[in-house]
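Subject: Structure handover

Hello,

Here is the structure I promised to pass on. Please open it alongside this note.

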Amino acid sequence: MKRNIAILVIAAIVIALPFLMRRPGERSTWKPGDPELIIISPHNEAVRFEFGLAFSRWHKEHYGQPVRVDWRAIGGSSEISRYLTSSFTSAARAWWLGRGREWPIGAGNALINPAFNTQNPPHLTRAENESDADFAQRNAQETARWETLRDLYLAFRATDDPDQFSARIDLLMGGGDFDHKMARGQGLTVSPWPNGQRPAGLFIDDAGRVMLPDSIAGETWQADTYFGNTISTFGICYNRDRLRDLGIDKLPDQWEDLADPRFAHNLGLADPTKSGSIAKSFEMIVHQQCYNTLREAGFSDDEIDRYEAAIAAASLPAGDVPPTVPAAYQAAIEEGWIKGVHLLQRIGANARYFTDSASKVPIDVSMGAAAAGVAIDYYARFQAQTTRDESGRERMDYITPIGGSGVSCDPVGLLRGAPNRDIAVRFIEFTLRDEGQKLWAYKPGTPGGPVKFALRRIPIRRSFFPSDDPVIQKQHEEHNRYAADNLADPRINPYAIAEHFTYHPRWTASHFSAHSALIRAMCLNAAQELQEAWTAILRAGGPDRQPEAMAILQALPEKPEPVTWRSAPKIMRTQNRLDVMRDWTLFYRARYAQVVALLKNHEGAR
Amino acid sequence: MNRAFSRFIFLGTSLIFIVLFLAPLGTVVQGGFWVNGKWTFRYLFGVFQNPIYFEGLRNSFLLAIGTTTLVTAISIPLAWLTNRYDFPGKKWVSALILVPMILPPFVGAIGFQQVLGPYGGLNALLGLGPIDWLGRLQYWGVVSLQALALYPIMYLNANAAMANIDPAMEEAAANLGCKGFQKFRRITLPLMMPGLFAGGTIVFIWSFTELGTPLIMNYTKCASVQVFDALKEVGNNPFPYALVFVMLASSVLLYALGKFALGGKAYAMQSKAATASTTRSVRGLRGLLVLLPFAAVILVAFTPHLGVIATSLAKPGSWYQSVLPQHFTLNNYTEALGYEITISSIRNSLLYSSLAVTFNAVLGIAIAFVIVRSDIRGRGVLDALAMLPLAVPGLVMAFGYLAISANVSNTDWVRNSTFWQNLLDVRTNPTLFLVIAYSIRRLPYMVRSAVAGLQQTSVTLEEAAANLGAGFFTRMRRITVPLITANLIAGGLLAFAFSMLEVSDGLMLAQRSDFYPITKTIYELFQLIGLGQYIASALGVWAMAFLSVTIISASLILGKKLGAIFRA
């Protein structure tokens with residue numbers, strides 16, 4: 001009996017604890033009937049809390065009413081993308097059928113297909129043994145179907161009215177530039193302001209200073225339907241104790257350092273096929289190799305800018321250059337691309353894992369479960385702070401490789417058919433103004449800063465960073481007084497980081513999906529075989545002493561055609577991805593097995 | 001059972017199953033077959049033509065074989081010891097032995113890492129260098145971790161099955177000279193086969209499709225991880241849906257094979273529950289010897305839980321290169337339990353899980369009745385289909401329910417009615433879909449438990465009641481359900497515990513914070529950069545404590561001794 005009572009008392013305590021420890025939430029003056037705003041976002045609770053609260057207060061101050069922000073959190077960018085396309089397709093289908101129109105086969109895909117051809121119907125080829133009449137009939141049917149699809153496609157993109165159709169969500173906030181570009185191409189987002197009617201002082205101040213650039217160092221920071229409001233860079237986080245245990249004295253500060261064989265089995269990496277942002281970081285690694293190879297070939301920064309401008313102006317097929325550009329220039333880029341792929345392979349060979357969650361890497365590095373890894377800046381800086389001991393020493397550190405990372409943005413975009421359009425547009429404006437930007441950078445409790453959580457993200461507005469312009473410099477100094485990080489630090493200031501890096505989309509942008517596919521085939525699908533081959537090479541004296549084995553290891557796939565800078569984008573565009581992945585994976589597995597066999601033979605011969 | 005009535009139940013349960021499970025599943029899985037406006041089997045055949053995916057299926061199969069074997073090897077001796085002996089501490093270990101199944105999501109991996117990582121507690125305790133246990137072990141690591149998490153399922157079923165055996169059978173065997181292992185092999189084992197089959201199939205299919213453990217161990221060459229990778233990939237790839245279909249078909253096939261080989265022989269006992277089996281009391285050294293295997297299994301299986309508990313009490317960053325955290329704090333609990341939405345998420349989880357288990361019990365008993373007590377053609381199909389929810393990746397079902405909700409909520413009658421919006425539009429209120437998702441995904445536990453109970457209970461008891469004039473519902477209430485209560489409690493507890501710990505459906509369907517279940521709150525806390533893992537661990541520990549207390553309290557409320565709860 002006593003035991004039973006004891007257990008029931010314990011049960012009562014367990015159940016009561018959350019009630020006893022409950023803290024009252026932030027008091028809100030919002031009441032039913034006041035405006036609401038619905039935002040879908042992969043941002044965490046800290047961002048959602050601070051922006052929800054601050055926007056409500058800002059709105060009350062400027063428009064007289066508080067706003068309740070209804071955040072929809074359903075996971076990461078890939079889940080959100082899937083959810084939005086499914087919601088829009090479903091809503092558009094009901095709307096289209098309600099207008100008495102037919103919903104033809106393939107309408108769901110056509111609706112959100114950025115490359116849907118509205119000019120010409122699909123070109124059919126006659127099947128073997130197909131009669132003229134049958135072919136003509138099939139052609140007519142397909143053309144009729146295409147006409148309906150075209151009408152639907154155009155009507156969908158011409159309609160932005162929640163009474164017609166809507167995903168019942170106003171804004172997409174967060175995710176990378178890649179996700180917003182994709183949403184734009186799918187027709188899911190719209191421009192908040194008509195052309196030429198952007199709010200005064202928001203993008204350009206009264207004196208004509210650009211406060212929010214369209215792009216910087218080749219990176220897009222805003223388009224008509226999305227607006228970057230915080231910055232991400234990619235870099236290396238590392239655990240000092242683990243490095244010491246591995247005998248690595250030099251702290252890594254460039255991507256090449258991660259290819260050091262002493263990192264074998266000790267790198268934490270994220271899977272580029274699951275996130276556009278992570279894929280972007282791997283693209284930066286390859287991009288830097290292209291740049292380095294050009295510099296080694298003797299081309300200066302000025303020449304690079306000049307030749308790229310000439311190539312862009314000539315509008316030639318990929319890889320062709322006008323007579324004013326030396327052939328060696330293009331050859332260096334192609335060689336650099338191959339070096340970049342080899343570097344990815346060697347970094348991949350050192351991987352302990354490729355995780356689906358980018359935030360896992362800095363956590364593991366902080367615990368010493370991985371010695372180093374590729375991480376997004378704010379995740380790593382935050383995590384490093386938790387490793388600080390009583391003497392103030394942080395056992396983990398983060399560095400953005402100079403010249404090895406672009407400055408990509410996290411945008412906010414207005415969704416088509418937003419039910420609370422006006423409020424949504426005000427929210428976009430709020431996030432881009434000082435009031436919203438302070439939330440990213442300021443310490444909690446500072447004037448205009450977050451209330452509870454330090455977000456420690458890098459704002460985008462020019463006035464937050466040092467400048468030669470005395471007005472901007474003064475604004476920067478004021479902001480920097482309250483910032484959680486030193487915004488003048490050239491490792492944090494995106495405008496300074498951009499000075500060391502110019503993104504040339506021509507070099508690597510069209511290879512985006514090829515990079516992911518290659519990494520998946522050579523490093524993930526063949527992970528075990530790669531590590532075995534790499535271990536065998538290291539045991540046999542390392543890459544320098546085993547050139548034959550390295551040549552086998554680094555060979556690029558030959559099917560469906562030899563992979564080169566020129567062929568890779570075409571393969572991804574024209575071939576079935578499933579077949580390509582199978583062929584490439586089998587290719588790499590066979591090559592890696594060959595390396596192991598070769599070195600075993602050498603060992604046997606000795 | 002009246003034939004017309006059984007047909008009615010068969011049709012009813014099949015219809016519910018089709019609408020609530022196969023329809024949402026079909027809306028997603030058809031993506032692997034209906035591509036660019038055409039039906040195609042290209043992706044389905046692609047699974048078999050592609051050696052990478054074939055290898056994934058083979059490895060998943062091997063993981064399932066290894067895990068089920070290890071689980072059986074752990075569970076049967078423990079269940080046998082529980083049933084045969086009274087030993088010191090039996091009441092406590094009988095309860096604690098179930099707790100490993102309630103490891104909270106997300107933070108469980110942190111628990112492993114803190115204990116088994118290079119700078120984790122184990123290396124510090126043994127004075128070893130930075131050995132990376134999690135990075136080194138692959139197949140055997142996954143099998144061991146899965147077995148240590150899943151053995152309670154088999155233990156529950158084996159224990160219930162063994163408790164249901166009429167001791168007169170074994171006594172009769174002993175009188176005829178059949179003793180020791182021979183008696184166990186010839187009498188006990190065949191009589192408990194329905195329970196073993198029930199537990200074994202759940203463990204087998206679970207480990208065949210398990211995602212979490214292979215991800216923790218970075219074992220990527222198995223089908224579940226391949227599906228996960230493809231589903232999370234940017235872009236719209238039809239392939240994972242074809243692979244999901246193959247996994248489902250394989251699960252059904254393996255289940256059918258298992259049933260053919262093992263499950264067909266069910267021996268019902270006339271006098272089940274008429275007498276309780278006798279247990280021998282062992283004390284002193286012999287008592288400790290009996291206790292030892294329990295203590296060993298619990299200690300090892302508890303490793304990640306201890307990791308999570310210690311993390312929840314650690315000052316951030318202070319558990320590093322040491323056996324335990326160097327600085328303790330209760331701040332993580334203050335943050336987690338004081339968090340604004342913690343209470344509402346607890347309330348939501350209780351609501352969703354309780355409703356789901358209630359629905360499960362009704363549906364599970366109905367399906368079990370059709371399977372065991374009727375001779376309708378197609379009942380075998382229903383039997384196999386009822387196992388399918390175990391094999392479906394959580395993300396796939398969540399996408400399916402989202403698609404169904406989106407389609408329904410875009411109709412005029414829903415758009416124009418607040419009532420229907422609250423019921424059917426997950427954006428407004430996800431309760432209905434979450435309850436359906438929870439109950440359907442946990443249905444196999446209830447069905448298997450109820451089937452095992454019915455198979456062990458002779459139909460003659462119901463027939464005797466019928467001869468005395470009892471109608472169907474009276475027979476159910478007075479005879480059948482009391483006789484299978486042990487099995488229903490076993491299934492219900494599993495269903496409740498795993499519903500409380502359900503992840504994918506809650507993440508996708510509960511989009512607004514007022515509807516978050518507790519697992520989504522743990523996820524939200526985990527996402528807080530820097531301190532998230534510590535605060536989320538604190539809430540995870542609370543969830544573990546709550547479920548442990550629930551399991552123990554359940555036995556108290558039933559007025560039975562702990563450990564004897566699974567006896568009829």
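Below is what was found in it, chain by chain and then across the contact.

**Ground rules**

This is a predicted model: local features need pLDDT of at least 70, side-chain atom pairs count only at pLDDT 80 or more, and totals for chains, interfaces and linings use all residues. Residues are numbered from 1 along each chain as its sequence is written, chains are lettered from A and ligands numbered from 1 in the order in which they are written, and side-chain values use heavy atoms, with hydrogens and water left out.

**Chain A**

Chain A has 22 helices and 14 strands. Helices (H or I, at least four residues) and strands (E, at least two) are DSSP runs, numbered from the N terminus. The radius of gyration of chain A is 27 Å, close to the 25 Å that the globule rule gives for 606 residues, so chain A is as compact as a globular protein of that length. That radius is taken over C-alpha atoms, and the globule rule is 2.2 Å times the number of residues to the power 0.38. The C-alpha trace of chain A spans about 85 × 80 × 75 Å along its principal axes.

Of the 606 residues in chain A, 56% are buried. Buried means under 20% relative accessible area, exposed over 50%, and partly exposed in between (1.4 Å probe, protein chains only). Take the contacts in chain A between residues at least 6 apart in sequence: 76% of them join residues at least 24 apart. Contact here means heavy atoms within 4.5 Å.

**Salt bridges**

Over all chains the count is 56 salt bridges. Each is a side-chain nitrogen of Lys or Arg within 4 Å of a carboxyl oxygen of Asp or Glu.

- A:Asp271 pairs with A:Arg520, with the closest N and O atoms 2.8 Å apart. A:Asp271 lies in the loop between strand S9 (267-270) and helix H8 (276-296) of chain A, and A:Arg520 in helix H18 (residues 512-524) of chain A, so the pair ties together parts that are 249 residues apart in sequence. Both A:Asp271 and A:Arg520 are buried.
- A:Arg295 pairs with A:Asp301, with the closest N and O atoms 3.2 Å apart. A:Arg295 is partly exposed, at 39% relative accessibility. A:Asp301 is partly exposed too, at 36%.
- A:Lys360 pairs with A:Asp364 (3.2 Å, N to O). They sit four residues apart in helix H11 (residues 360-367) of chain A, separated by about one helical turn. A:Lys360 is partly exposed at 24% relative accessibility, whereas A:Asp364 is buried at 2%.

**Chain B**

Chain B has 30 helices and four strands. With 568 residues, a compact globule would have a radius of gyration near 24 Å, and chain B agrees at 24 Å. The C-alpha trace of chain B spans about 65 × 65 × 50 Å along its principal axes. Buried residues make up 63% of chain B. Among contacts in chain B between residues at least 6 apart in sequence, 79% join residues at least 24 apart.

B:Gly108 is buried, with a relative accessible area of 3%. Setting aside neighbours within four places in sequence, B:Gly108 is in contact with B:Leu103, B:Pro304 and B:Val308.

**Where the chains meet**

The contact takes 86 residues from chain A and 84 residues from chain B. Together the chains bury about 7,300 Å², 54% of it on carbon and sulfur atoms. Buried area is the accessible area (1.4 Å probe) that two parts lose on being put together, summed over both. B:Ile343, B:Arg427 and B:Ile529 supply 10% of the area that chain B buries against chain A, more than any other three residues.

Seven salt bridges run between chain B and chain A. One of them joins A:Asp70 and B:Arg512 (3.9 Å, N to O). A network of salt bridges links A:Asp70, A:Arg72, B:Arg512 and B:Asp514. On the side of chain B that touches chain A, helix H30 (residues 532-557) of chain B gives the most, with eight residues.

Best wishes
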